[in-house]
Amino acid sequence: MHRSSRFFVLFGLVGLLSLLPPQLATATDPTDILRIREETNKRSELQREQQRARKRAYENRPTELDSRLQQRKPKIEERKVSQRQRRKTVEVRKSESESVRRLRNRLNERASVRTSAALEKLRADIVLAVNREREEAGARPLRRNLQLQASAQAYAEDMKSRNFFSHESPEGETPQNRIQRGGYGNITGENCDCHSFTAAFGENLARGQQTAEDVINDWMESPTHRANMLSERFKEIGIGIEGSYWVQHFGAVETVPR
């Protein structure tokens, strides 16, 4: 082939390449191919991330149930707070009750350490105070009776030992039952050589007082206890004291000779 022919062919190839679009001409460059792949991957990853974000937003969207629960949440929290407050109040009350119980036990122990002479003085002081009140009310004084004192003392000891406080014992025994069981007023038509007889019984109780003055004041402030102490029906009295338990037994037995 002649030199001019070779030149023409080469020139024709160069001209043909110059007519191709620029992107096709540069697509054969390895650097450009890598760059295009990276951009394509980035766009794909961005699209996938956007899809995941839309999916999360859809899954986390608030529902009607969530809205109702959100509205109820403050009320639920308020109930929880009120329940905690009630529990604290109950605990405080329990601790107060426990402290009161311990204080009462200490007072009972302290009051129980009394000699016979001290008990006798307390009994005498109470009878003296009762008769002073009766004198002011225009009633006759009461006499001390050992049978009434024995029944009153036995009941004071029973209440303290079994930790109860009532005019009726756990077995259902009444004041008249225990006074008569102690021997006072235990009279019937068969054992009384008399035409007729009458008997009266009464009982006052107190707990927690430490002095005769305190217990007399408390009894006088109570209408029912005051009525027993000033009643003209009663002629005799007996006092029982055990710890901080106080018992008054009243009685009267009258017979009409044949």
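In the predicted model, E45 is partly exposed, with a relative accessibility of 37%. The side chain of E45 forms a salt bridge with that of R48, at an N to O distance of 2.8 Å. R48 is likewise assigned to the partly exposed class, its relative accessible area being 40%. Both residues belong to helix α3, which covers residues 30-59; because they are three residues apart, about one helical turn separates them. In total, twelve salt bridges were found when the whole structure was searched.

Another of the salt bridges joins the side chains of R140 and E232, with an N to O distance of 3.9 Å. R140 is placed in the loop between α5 (116-137) and β1 (143-144), and E232 in the loop between α9 and β3 (236-242), so this pair ties together parts of the chain that are 92 residues apart in sequence. E232 is partly exposed, at 40% relative accessible area. A further salt bridge is made by the side chains of R143 and E236 (3.6 Å, N to O). Here the partners are located in strands, R143 in β1 and E236 in β3, and the pair therefore links parts 93 residues apart in sequence. E236 is buried because its relative accessible area of 14% falls under the 20% cut-off. Salt bridges with shared partners also connect E45, R48, E49 and R52 in one network.

The chain as a whole contains nine helices and four strands. Read from the N terminus, the order of these elements is α-α-α-α-α-β-α-α-β-α-α-β-β. Buried residues account for 27% of the 258 residues in the chain.

Acidic side chains were also examined at the surface. E213, D214, D218 and E221 together form a negative surface patch. E213 is part of helix α8, which comprises residues 212-221. With a relative accessible area of 58%, E213 is exposed, because the exposed class begins over 50%. D218, one of the patch residues, is also in polar contact through its side chain with the side chain of Q209, at 2.8 Å. Q209 is located in the loop between β2 (196-207) and α8. Q209 is counted as buried, its relative accessibility being 13%, whereas E213 is exposed.

S222 occupies the loop between α8 and α9, the latter helix spanning residues 223-230. The relative accessible area of S222 is 17%, and the residue is classed as buried. A polar contact of 2.7 Å connects the side chain of S222 with the side chain of H225.

The backbone of N163 was noted separately. This residue has a positive phi of about 55°, although it is not a glycine. N163 lies in the loop between α6 (146-162) and α7 (175-181). At 61% relative accessibility, N163 is exposed.

A150, in helix α6, is partly exposed at 44% relative accessibility. Its C-alpha atom is separated by 6.9 Å from that of G182, a residue 32 positions away along the chain. In the second pair, F234 and F250 are 16 residues apart in sequence, with a C-alpha to C-alpha distance of 6.0 Å. F234 is found in the loop between α9 and β3, the loop that also holds E232. F234 is buried, with a relative accessibility of 1%, while E232 is partly exposed at 40%.

How values were computed
Residues numbered from 1 in each chain as written. Predicted model: local features only at pLDDT ≥ 70, side-chain atom pairs only at ≥ 80, totals over all residues. Heavy atoms only, no water. Patch = residues over 30% accessible without salt bridge, like charges linked within 9 Å, V, L, I, M, F, W, Y side chains within 5 Å. Areas by Shrake-Rupley, 256 points an atom, 1.4 Å probe, with all protein chains shown as cover. Salt bridge = Lys/Arg side-chain N within 4 Å of Asp/Glu carboxyl O. Lys, Arg positive; Asp, Glu negative; His and termini not counted. Charge placed at Lys NZ, Arg CZ, Asp CG, Glu CD. Helix = DSSP H or I, 4+ residues; strand = E, 2+ residues; numbered from the N terminus. Buried < 20%, exposed > 50% of the residue type's maximum accessible area, 1.4 Å probe, protein only. Polar contact = N/O pair within 3.5 Å; in protein donor to acceptor, adjacent residues only side chain to side chain.
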